Amino acid sequence: MATAAAGALGLLWGWLWSERFWLPQNVSWADLEGPGNGYGYPRARHILSVFPLAAGVFSVRLLFERFIAKPSALHIGIQDSCPYQVQPNAILEKVFISITKYPDEKRLEGLSKQLDWDVRKIQCWFRHRRNQDKPPTLTKFCESMWRFTFYLCIFCYGIRFLWSSPWFWDTRQCWHSYPYQPLTSGLYYYYIMELAFYWSLMFSQFTDIKRKDFLIMFVHHLATIALITFSYINNMVRVGTLVMCLHDASDFLLEAAKLANYAKYQRLCDTLFVVFSAVFVVTRLGIYPFWILNTTLFESWEMIGPYPSWWLFNGLLLILQVLHVIWSYLIARIAFKALIRGKVTCPGRIRPRLCTLHPFLTSFLFSMPGGSWTVSSLACI
């Protein structure tokens, strides 16, 4: 039994690390064991160093939020206040947790008879109970300030690093001598820091206040980590750095707009969102397809030819482009209405209502592999 299990495990391991899937023809893992230059070639075992680094990033975040972000929030007038605590009621709490947070008229009348409470009082209880679960503005400000700081710093580092990299100016250099492209210290730190940051977000999701998008963001972080890890193991790190830097260009702008939103600087919030929209559309609908996809699809085909993991990598990048088109349409529509009228029309649960761009941003979620390879949906609150 033990021998059969070991054999099956060996077959699975061999299938997962098949050279014919990961590497071009006539290339083996043994060929990439050499020292190369700098940090050698990317290896799967390098990923293990990410986990202690991610824990360190998470610790830095806690210190940053406590000693920098929170004092900054208080300085600009964001109150450190707790939400209104509702009157404890076991029956209403059970309905709220197990059945619905938005009871209909029939259920409200039944609860009114059962508790001998006025229907309006029960409606107020549910409204306050829903608000009680919402994260305080101070908490959201601190989280956004941390992400803004990281995205801005990693974007500046990426631009500085890529500016002196030959593949930034000539994308064919992404595939020259591939996969025999040794790591440099700058490239290694750039990639590992991005991956560690997203692992830290995985950690923090279980300690932060739970939100409606918990599952969506959990899946997003997993996808981001998988894509960064995949491109690292496959040594597609040169084009990977271009993708990461390209997406980081708009991430920090969105977080800046959120900070302005929480601080109630509506004009600044709207302006930043419009700037973010322009950068997002230019990078995702212009630079990404005509620069990134051009080199991953056509230049790489010409220089190294296709192989199994090449198809997978490009398939993921093409799916990402489809999402870019959808998200750009939604963002452009909101920005256009904000520029023309300063407000947007959006459907509520019962009837349409007008929402300014300022509070709209509080429900806008964003991210994409490599420091931003994804975006979420748009909705009025």
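**Entry 1**

The cut-offs I used are under 20% relative accessible area for buried, over 50% for exposed, and partly exposed in between, with a 1.4 Å probe and protein chains only. The model is predicted, so I noted that local features need pLDDT of at least 70, side-chain atom pairs count only at pLDDT 80 or more, and totals for chains, interfaces and linings use all residues. Residues are numbered from 1 along each chain as its sequence is written, and side-chain values use heavy atoms, with hydrogens and water left out.

Which side chain meets Glu143 in a salt bridge? I found Arg61, at 3.8 Å from N to O. A salt bridge here is a side-chain nitrogen of Lys or Arg within 4 Å of a carboxyl oxygen of Asp or Glu. Arg61 sits in helix α3 (residues 50-75) and Glu143 in helix α7 (residues 137-163), so the pair links distant parts of the chain, 82 residues apart. I took helices as DSSP runs of H or I with at least four residues and strands as runs of E with at least two, numbered from the N terminus. Arg61 is buried too, with a relative accessible area of 5%. Glu65 joins Arg61 and Glu143 in a network of salt bridges.

**Entry 2: Other salt bridges**

I noted five salt bridges by this rule. In one of them, the side chains of Glu255 and Arg147 meet at 3.3 Å, N to O. Glu255 belongs to helix α11 (residues 237-262) and Arg147 to helix α7, and 108 residues separate them. Glu255 is buried, with a relative accessible area of 2%, and Arg147 counts as buried at 17%.

I then checked Glu302, which forms a salt bridge with Arg172, the closest N and O atoms being 3.3 Å apart. Glu302 lies in helix α12 and Arg172 in the loop between α8 and α9, so the pair ties together parts that are 130 residues apart in sequence. Glu302 counts as exposed at 55% relative accessibility, while Arg172 is partly exposed at 30%.

**Entry 3: Rings**

I noted 30 aromatic pairs. Rings of Phe, Tyr and Trp (its six-membered ring) pair if their centres lie within 6.5 Å; planes under 30 degrees apart count as stacked, over 60 as edge-to-face, and the rest as tilted.

Why is the pair of Phe168 and Trp291 edge-to-face? The ring centres of Phe168 and Trp291 are 5.9 Å apart and their planes stand at 85°, so the pair is edge-to-face. Phe168 is in helix α8 (residues 166-169) and Trp291 in helix α12 (residues 266-303), 123 residues apart. Phe168 counts as buried at 18%, and Trp291 is partly exposed at 23%.

I also found a cluster in which ring pairs link Trp17, Phe21, Trp22, Trp29, Phe230 and Phe313.

**Entry 4: Surface and whole chain**

I looked up a nonpolar surface patch of about 480 Å², made by Leu312, Leu316, Ile319, Val322, Leu323 and Ile326. Patches are made of residues with over 30% relative accessible area and no salt bridge; like charges are joined within 9 Å, and nonpolar side chains (Val, Leu, Ile, Met, Phe, Trp, Tyr) within 5 Å. Ile319 is in helix α13 (residues 308-341) and counts as exposed at 53%.

For the chain, I noted 14 helices and four strands. Buried residues make up 47% of its 381 residues.

Methods
Accessible areas come from the Shrake-Rupley method with a 1.4 Å probe; for residues, only the protein chains shown count as cover.
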